[in-house]
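This report walks through one protein chain. It starts with model confidence, then turns to the strands.

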Amino acid sequence: ESIKFAAKLDPKLLSSGMTLPCAAIPNGRFLIVAGHADNSLKVYNNETGAVENAKIGHRAPVVALELSNDGRVLATGSADGTVGIWLVKLPAEKVTIGENVRETIAPIIRINENNIFNDGSTVADVIETAADVATNVFTKATLQGPISLCKGHGEAISSLALNTNLDLLLAVSPFAGASFYSIMKGQLFTKIPSLAGSLCAISDEGFVIIWNERTWTIKVASINGDIITSMSLIEKCPKLTTMTVSSDGYRLAAGTEEVNGQVAVIAFDLPSLNVRQRWDFESQSDITQLVLTADNTNLLAAAYDGSIRLFNDPSISARSFNQMLQAGWTNVV
């Protein structure tokens with residue numbers, strides 16, 4: 001069963017062939033979509049297709065989105081070069097203990113992935129306190145902000161990366177380079193023109209990864225901007241279209257565009273960029289999204305046409321497929 005979302009998107013975004021900027025909130029019930037002609041962000045209910053919340057925080061269309069691992073902090077990048085930091089508020093949910101008590105309780109008591117303080121506070125908590133945001137009980141998914149609107153990048157944002165463990169937000173574009181922001185302070189603290197790119201990612205180990213389509217080069221740098229490793233991918237693979245970093249911070253997975261009915265998913269070691277594994281397979285669409293499980297044993301690759309391919313440990317493949325089908329996946333390759 002499919003759900004239709006009503007949206008008036010920016011014609012320039014559609015004509016440029018860019019992928020629609022969107023981010024799924026971790027509980028799977030809501031989708032944040034940008035690229036609207038009125039410069040707004042909209043939160044859609046995945047079950048009904050209805051707009052739960054709409055906000056405008058930029059003077060130009062939002063062309064890049066990045067959501068924190070826990071779904072509480074959202075970064076937005078605009079065509080005017082500004083970067084916004086938002087809080088995501090979800091409706092309160094009633095917790096029901098199911099038949100499998102362990103599976104029901106485990107997600108509730110699990111330590112937050114964005115816990116960076118001894119008292120259990122998170123980046124989202126600090127931003128919320130600093131902004132004096134009221135702690136209301138929400139009946140709909142809501143965006144609060146922008147808590148901070150950061151200027152100084154100087155070009156339309158191509159890609160964003162967000163790491164709350166490091167209090168780091170990264171914005172890149174092909175000519176202006178890379179801009180580094182503090183999430184909690186909402187401020188630009190350094191800008192490095194030599195780190196230009198069209199895709200970026202941040203590792204928990206402090207590695208910054210940037211793909212530059214103009215030079216067909218992938219680079220690993222420190223959070224200070226010092227180059228650690230640089231590799232040319234000319235004649236080695238098609239253009240990279242998406243990147244994700246493993247939870248341990250030492251693996252990078254990248255997907256490519258479609259060329260002659262073929263795409264590739266490449267796993268790199270960090271920070272060396274040694275190719276750990278490469279999967280080439282038939283597809284008529286670019287790889288648009290990669291997701292790694294927390295234990296780094298399963299990699300899910302989604303293509304523009306909606307097809308899904310799963311790479312995993314054979315011993316748990318049957319269980320993984322069953323879980324995907326139970327979650328509603330209908331197009332599994």
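## Confidence and strands

Residues 97–120 keep a pLDDT under 50, pLDDT being the predictor's confidence in each residue, from 0 to 100. For this stretch the model has 29 contacts beyond four places in sequence, a contact meaning heavy atoms within 4.5 Å. The protein chain averages a pLDDT of 81, and 74% of the residues score at least 70.

This is a predicted model, where local features need pLDDT of at least 70 and side-chain atom pairs count only at pLDDT 80 or more, while totals for chains, interfaces and linings use all residues. Residues are numbered from 1 along each chain as its sequence is written, and side-chain values use heavy atoms, with hydrogens and water left out.

The protein chain has four helices and 23 strands. These are DSSP runs numbered from the N terminus: helices are H or I with at least four residues, strands E with at least two. Of its 333 residues, 47% count as buried, that is, under 20% relative accessible area with a 1.4 Å probe, protein chains only; exposed is over 50%, and partly exposed lies in between.

Four strands form an open antiparallel sheet in the order S1-S2-S3-S4. Two strands pair if DSSP finds at least two bridges between them. Strands S1 (22–24) and S4 (51–56) stand at the edges with a single partner strand each, so one side of each lacks a neighbour in the sheet. In S4, Val 51 is the bridge partner of Tyr 44.

| Strand | Partner | Bridges |
|---|---|---|
| S3 (residues 40–45) | S4 | five bridges |
| S5 (residues 62–67) | S6 | five bridges |
| S6 | S7 (residues 83–89) | five bridges |

Now S6. Six of its six residues are buried, so S6 is largely enclosed by the rest of the structure. Val 73, Ala 75 and Gly 77 point one way from S6; Leu 74, Thr 76 and Ser 78 point the other way. In a regular strand the side chains alternate between the two faces of the sheet. Leu 74 is the bridge partner of Leu 67 and stands opposite Trp 86 in S7.

Both hairpins of S6 have a glycine with positive phi. Between S5 and S6 lie five residues, and Gly 71 in the turn has a phi of about 75°. Between S6 and S7 lie four residues, and Gly 81 takes a phi near 90°.

Thr 76 sits in S6 (residues 73–78). Its relative accessible area is 0%. A polar contact of 2.8 Å joins the side chains of Thr 76 and His 58; such a contact is a pair of N or O atoms within 3.5 Å, one able to donate a hydrogen and the other to accept it within protein, and residues adjacent in sequence count only if both atoms are side-chain atoms.
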